[in-house]
Amino acid sequence: NNCNTILAMAATTGVTRCLKSRRLVTTRAGESRIGKQPVKIPQGVDVKLNGQTLTAKGPKGELSRTFHELVELEMGDGVVNVKKRAETRQASALHGTSRALANNLIVGVHEGFDVNLQLIGVGYRAKANGSKGLTLSLGFSHDVEMEFPEGVTAELDKQGVNIKLSSANKETVTQFAADIRKYRPPEPYKGKGVHYLGEQILRKEGKKGK
């Protein structure tokens, strides 16, 4: 073995101590604190489980998601439990994520999710095109047309500078808000741009004239 080889080589130099070679240590994947928490099913929400596919129907709509084979979903007494099928790092990573996705699914059809945007800048405005989408004036030579993804709605204030986006699907509404924001991210000097409501921007001082 490696130790005997090292001893044989060291004998000519008078070294009698065996140097232990490094060994790979396999550790057991830890439990996710989030993953272990059951997902509560509120009143008014109908949840069905078909294999790896979870479907929830509530006041805000109906959503479905198919989960990875490394996690197992179980229906309990008014709850959905998410468990690992294997003690691996991938299963542990999917455990907490899957529980969060299942929770978002159920909360979404029951309460929905909102993202609030604020347009800051001279002439920056938004106008709703019925249920089709938004027309944004963001300081370009042309308006920006944003079509609503399925299930997303918007409310605007009278000035058209505050936008409230709503949907049962958290991923869809947050991605749509990010798509709007990327046209005019807040700049650090005057703060102009598309802000998340309450967002703090690190401001920079502009160059001073001589």
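Student: Is A86 buried, partly exposed or exposed?
Tutor: This is a predicted model, where local features need pLDDT of at least 70, side-chain atom pairs count only at pLDDT 80 or more, and totals for chains, interfaces and linings use all residues. Residues are numbered from 1 along each chain as its sequence is written, and side-chain values use heavy atoms, with hydrogens and water left out. Buried means under 20% relative accessible area, exposed over 50%, partly exposed in between (1.4 Å probe, protein chains only). At a relative accessible area of 23%, A86 is partly exposed.

Student: Where does A86 lie?
Tutor: Helices (H or I, at least four residues) and strands (E, at least two) are DSSP runs, numbered from the N terminus. A86 lies in the loop between strand 6 and helix 2.

Student: Which residues does A86 contact, leaving aside its neighbours within four places in sequence?
Tutor: Contact means heavy atoms within 4.5 Å. The contacts of A86 are L70 and A91.

Student: In what order do the three strands of the open sheet stand?
Tutor: Two strands pair if DSSP finds at least two bridges between them. Here the pairing is antiparallel, and the order is 1-6-5.

Student: Why is one side of strand 1 and of strand 5 left without a neighbour in the sheet?
Tutor: Strand 1 covers 39–40 and strand 5 covers 71–75. Both stand at the edges, so each has a single partner strand.

Student: How many bridges join strand 5 to strand 6?
Tutor: Strand 6 spans residues 79–84 and runs antiparallel to strand 5. Within this pairing, L73 stands opposite V82. The number of bridges is five.

Student: At about what angle does helix 2 run to strand 6?
Tutor: Axes are lines fitted to C-alpha atoms, for helices over the stretch in contact, and angles run from 0 to 180 degrees between N-to-C directions. Helix 2 (residues 89–110) lies across strand 1, strand 5 and strand 6. Its angle to strand 6 is about 165°.

Student: How far does helix 2 reach from its first C-alpha to its last?
Tutor: The expected span of a helix is 1.5 Å times one less than its number of residues. Helix 2 has 22 residues, and 32 Å is expected. Its reach is close to that, at 32 Å.

Student: Which residue follows helix 2, with a positive phi?
Tutor: The buried residues of helix 2 include A91, H95 and V109. After the helix comes a residue with phi near 85°: G112.
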